[in-house]
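Here is a quick walk through the helices of this model and a couple of its loop residues. Keep the structure open while you read.

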Amino acid sequence: MLKVGVLGAGHLGKIHLRLLNESKKYELVGFYDADSSNGDKVSSEFGYTYFKSLDDLISAVDVVDIVTPTLSHYDCAKKAIEKSKHIFIEKPITHTLEEANSLLELEEEYGVKGQVGHVERFNPAFTSVKHAIKDPMFIEAHRLAEFNPRGTDVPVVLDLMIHDIDAILSVVNSEVIQVNASGVSVISQSPDIANARLEFANGCVANLTASRISLKNMRKSRFFQKDAYISVDFLEKKVEVVKMKNAPKEPGDFDMILQNAEGIKKQIYFENPSIEANNAILDELESFADAINNNTTPVVSLKQGTQALKVALQIIAAFNPNKI
């Protein structure tokens with residue numbers, strides 16, 4: 001079992017603490033929180049060991065789980081890596097691209113592993129069909145959330161849309177060459193609603209919309225590719241897979257057949273992948289333990305987290321192109 005410590009005992013930090021305490025792949029040593037009153041409260045309520053010193057906690061563990069505000073991600077990760085500790089770091093990886101690139105250099109220099117908490121990669125709906133998403137040419141993603149003051153210190157792109165950016169980058173094996181975007185601030189100082197159009201070198205186009213002031217929650221992505229349409233509902237954990245194949249010479253009475261202008265006939269059929277319920281946060285944390293123990297590349301590497309941040313920042317920059 002890997003000894004692990006958590007930095008940050010806020011809403012998400014407490015979830016990480018509970019799951020790591022239950023995990024059979026980690027030994028939870030304790031946690032650190034900059035707010036000593038909150039640290040004492042969490043410790044007395046749940047029984048976790050509260051370290052008053054960040055450095056003391058880092059020294060006592062093999063893995064540092066960073067669940068602090070984004071602005072402090074880099075400093076916490078740098079301290080941990082320089083003590084040769086593996087790091088799990090919540091999304092977005094860092095506040096700036098320069099910080100993220102610096103972590104990539106430190107990761108290589110100290111020979112440690114890092115994983116970024118893009119939890120939707122472990123959503124059972126997405127994992128059930130990811131293998132079937134091959135060379136998509138058009139992608140549409142909607143991520144809408146009811147208003148919650150937590151997270152409004154950063155633009156909605158870094159708060160919500162970055163989940164879809166990472167998922168899309170994981171299935172489109174091509175470079176982003178064009179970004180067009182617009183964002184509107186309604187209640188926060190930073191944009192609450194954003195739309196982005198990403199164009200890839202291979203011709204794929206992705207249209208992403210994110211809002212944190214919606215009346216209902218939605219987390220759905222649609223992937224269109226040759227002879228297939230795949231819909232992933234991250235919220236309801238459901239998928240739709242519609243495929244086409246050459247029509248049989250003698251279709252059955254209930255076969256769905258389409259014929260194009262050239263007279264080519266295709267049969268439409270549906271697939272129903274098996275979706276197994278899981279705890280995505282526990283899965284991502286335990287997958288990182290497996291990567292460390294088996295010396296394999298983490299599912300969401302620091303490099304991939306950096307690529308998602310890069311595209312997110314390009315989208316934010318595109319909001320006000322005249323100011324660049």
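## Helix H8 and its neighbours

The buried residues of H8 pack against strand S1 (2–7), helix H1 (11–22), strand S2 (26–32), strand S3 (63–66), strand S4 (86–90) and strand S5 (114–117). Contact here means heavy atoms within 4.5 Å, and buried means under 20% relative accessible area, with exposed over 50% and partly exposed in between (1.4 Å probe, protein chains only). Helices (H or I, at least four residues) and strands (E, at least two) are DSSP runs, numbered from the N terminus. Bear in mind that this is a predicted model: local features need pLDDT of at least 70, side-chain atom pairs count only at pLDDT 80 or more, and totals for chains, interfaces and linings use all residues. Residues are numbered from 1 along each chain as its sequence is written, and side-chain values use heavy atoms, with hydrogens and water left out.

Which residues of H8 are buried? They are Ala280, Ile281, Glu284, Leu285, Glu286, Ser287, Phe288, Ala289, Ala291 and Ile292. Just past H8, Asn295 has a positive phi of about 55°.

## Helix H1

H1 gets the same length check: its 12 residues should span 16 Å at 1.5 Å a residue, and the 17 Å between its end C-alpha atoms agrees. Its buried residues are Gly13, His16, Leu17, Leu19 and Leu20. These pack against S1, S2, H2, S3, S4 and H8.

## H5 between two partners

Two packed helices are described by the angle between their axes and the distance between the axes. Axes are lines fitted to C-alpha atoms, for helices over the stretch in contact, and angles run from 0 to 180 degrees between N-to-C directions. Helix H5 (residues 97–110) and helix H9 (residues 302–319) pack at about 170°, with axes 10 Å apart. So H5 is roughly antiparallel to H9 (angles over 145 degrees count as roughly antiparallel, under 35 as roughly parallel, 65 to 115 as roughly perpendicular and the rest as oblique). On the H5 side you'll find Leu97, Ala100, Asn101, Leu103, Leu104 and Glu107, which meet Leu302, Lys303, Thr306, Leu309, Lys310 and Leu313 in H9.

With helix H4 (residues 73–81), H5 packs at about 10°, again with axes 10 Å apart. That makes H4 roughly parallel to H5. Here Tyr74, Ala77, Lys78 and Ile81 of H4 meet Glu99, Ser102, Leu103, Leu106, Glu107 and Tyr110 of H5.

## Two buried loop residues

Thr94 lies in the loop between S4 and H5. With a relative accessible area of 0%, Thr94 is buried. The Thr94 side chain reaches the backbone oxygen of Thr96 at 2.8 Å. Leaving out residues up to four places away in sequence, Thr94 touches Thr70, His73, Tyr74, Glu99, Ala100, Leu103 and Leu309.

Tyr50 is in the loop between helix H2 (36–46) and helix H3 (54–59). Is Tyr50 buried or exposed? At 12% relative accessibility, Tyr50 counts as buried. A polar atom of the Tyr50 side chain lies 2.9 Å from the backbone oxygen of Asp33.

Conventions:
A polar contact is a pair of N or O atoms within 3.5 Å; within protein, one must be able to donate a hydrogen and the other to accept it, and residues adjacent in sequence count only if both atoms are side-chain atoms. The expected span of a helix is 1.5 Å times one less than its number of residues.
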